2 protein chains.
Amino acid sequence: MFGIEYPIFAFSHCRDVVVAVSRAGGMGVLGALYFTPEELELELKWIDEHVGGKPYGVDVVMPAKYEGADLGDAEELLGKLQSMIPQQHKDFLEGLLAEHGVEPSTESADRVLLGWTDQTARPQVEVALKHPIALLANALGPPPADVVELAHEHGVKVAGLASSAHHALKQEAVGVDIIVAQGTEAGGHTGEVSTMVLIPDVVDAVGEDTIVLAAGGIGRGRQVAAGMALGAEGAWTGSIWLTVEEADTPEQAVPKLLAATSRDTVRSRAWTGKPARFLKTAWTEAWESEKSPGYLPMPMQFMLISDALKRIGRSGDGELVTFPVGQIVGSMNQVKPAAQVVYDLMEEYIEAIERLNTITNAD
Amino acid sequence: MFGIEYPIFAFSHCRDVVVAVSRAGGMGVLGALYFTPEELELELKWIDEHVGGKPYGVDVVMPAKYEGADLGDAEELLGKLQSMIPQQHKDFLEGLLAEHGVEPSTESADRVLLGWTDQTARPQVEVALKHPIALLANALGPPPADVVELAHEHGVKVAGLASSAHHALKQEAVGVDIIVAQGTEAGGHTGEVSTMVLIPDVVDAVGEDTIVLAAGGIGRGRQVAAGMALGAEGAWTGSIWLTVEEADTPEQAVPKLLAATSRDTVRSRAWTGKPARFLKTAWTEAWESEKSPGYLPMPMQFMLISDALKRIGRSGDGELVTFPVGQIVGSMNQVKPAAQVVYDLMEEYIEAIERLNTITNAD
């Protein structure tokens, strides 16, 4: 479909990683979430100049459900949502930060409404479609049908993330070409069903023309092979690109990611208000403790914590530092160039297939 | 190692299933938990008479940690633990049952201390080793070193369930021959790490002489193939045998198992006090609600609820009925003979390998 050499899709918020993976024969997919439309334009221009004509994609987030879908445009929405954040939550957060010696905020939080709404993601799509992208991906529910149509008019394939066969069918119904079936072990927003169980469920549910990629827990060649054995046609990866040489992951998070085992993540609402997997730290413990006021709905939880995350980063207190990552973090122990990660994945993939053939023929 | 035709291990509490799977070319493993030593003797005698000389195994539970390890023998322990169950928990449970129209208990609970202690499991081991078993498996931590030694003296291989590489190494240290690396998607007692992430973790951690079986989320041939692709040498299955023709699963649970999707399970302490996966029903909701008094430690939680489970079964109220099962329950939609399940697994396994080879050679 894309003429790529290896069926490896690499989700990353970092343009350098996107370019490195696409140039190495996989397909980089830039997460647009943190960018304003103007910033996204600059990122994509840079990618176009460096990717050497190889295919790449863009990932946006248009949640099917969130607080404020009917509250006007992005600016209006931001103001209204800010006024809806309870004082109790602000007090809990400031108390937690003070306990860990994090200094009070000196500036007003500047840009807390991220691309987690239709209002903020739609302008990102418009920017993306002006570039020669090969793929538009969407998380948190089926994208609006008119967005799928618009992408197809531009000759761009559309991928949708799904955490159950039920969700995959909804994606298929709006015309999505590729289902990224993502198991609970994945980093970031994630469902409850594991990759092992989910992939055959989704492959059997969707039609023959819909391509299924396996996501969640994939960071080694054996896992790529397992995803394909389950019926997928490729692998969608994310976490493993956080610790490559090219990544712009916050420097206080990198040592924690390298040291973490596969048991050091948690699926919690304490990041965005929807269940997402990230590093288990004093942050997640506090939000799940008896003192916690509970979580705000998307996008308010992240609006509440956005400024705090920056202050935690500056404070030098490592205990609260967390980062979205999947259980595969346990095997992310070494910083390597992104291209090397692509080659290592494919080498171990081939070894795994050879071993499977040997075992099967010997039986 | 066992001279079996297919690398499929089938854990079941039902002797008919054990025999059917072993006769079909896999290896049945009888869960001894619910049997007194006398009952276990009868079960194994029956298996010996019907298994036609094929290898089979026995699974016991000797938890590394539980309440009452130092409280004397089984009888003493039972009395002491019974007196330690708080009235608050009894009241919560009776209130919940009354809400659902379940009648009060008319008889005293007869046998509530199951084989979840060293005191109760050790006599089971003694019985098992008098029979021509090929495998002794143990869950919930490494078995005592002397039990491993005793099994080896009888020419019996020992398997241990592990939910992390760390636990697998502890099992290896006491001399276990086979690690059953079990992902979070599995039914019954289970850890947090998914099968996809866990298997390579464990395979890389243990020595070359230790055999690793993949468990958790395995109920189709594609999943067997995925487990092998991840580095395992066989598959350990459990849930899928609950709905075969030969199974003695409680009749009120069977329709619920057949109807459930992969999203209808939950990992909770509301069954035994340790995290276990079972069907999400009014039972699990109640124990996780604000009214819940919390869970008692193993083995007290099951002592508390054992009689209630029987009364729920008799009451005809389906809402509270639950049963330990993994996420694979979503693909358990049809009652088939156990031998047919074995053949279906292997047929789809071969198809998956062939598809993998086609994809890989085409790339």
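**Close-up 1. The buried residues of helix α9 of chain A.** In this predicted model, A:Gly221, A:Arg222, A:Gln223, A:Val224, A:Ala225, A:Ala226, A:Gly227, A:Met228 and A:Ala229 are the buried residues of α9(A); buried means under 20% relative accessible area, with a 1.4 Å probe and protein chains only. That's nine of the nine residues in the helix (residues 221–229), so α9(A) is largely enclosed by the rest of the structure. Just past the end of α9(A), A:Gly231 takes a positive phi of about 120°. Helices here are DSSP runs of H or I with at least four residues, and strands are runs of E with at least two, numbered from the N terminus.

**Close-up 2. Strand β2 of chain A, covered on both faces.** All five of five residues in β2(A) (residues 27–31) are buried. A:Met27, A:Val29 and A:Gly31 sit on one side, A:Gly28 and A:Leu30 on the other. In a regular strand, side chains alternate between the two faces of the sheet. A:Phe9 stands opposite A:Met27.

**Close-up 3. Helices α2 and α5 of chain B packing together.** The axes of α2(B) (residues 37–50) and α5(B) (residues 118–128) lie 9 Å apart at about 30°, so the two are roughly parallel (angles under 35 degrees). B:Pro37, B:Leu40, B:Glu41 and B:Leu44 meet B:Pro123, B:Gln124, B:Val127 and B:Ala128, with contact meaning heavy atoms within 4.5 Å.

**Notes.** Residues are numbered from 1 along each chain as its sequence is written, and chains are lettered from A in the order in which they are written. Local features need pLDDT of at least 70, side-chain atom pairs count only at pLDDT 80 or more, totals for chains, interfaces and linings use all residues, and side-chain values use heavy atoms, leaving out hydrogens and water.

Technical notes. Axes fitted to C-alpha atoms, helices over the stretch in contact; angles between N-to-C directions. Parallel < 35°, antiparallel > 145°, perpendicular 65-115°, else oblique. Buried < 20%, exposed > 50% of the residue type's maximum accessible area, 1.4 Å probe, protein only. Pairing = 2+ DSSP bridges.
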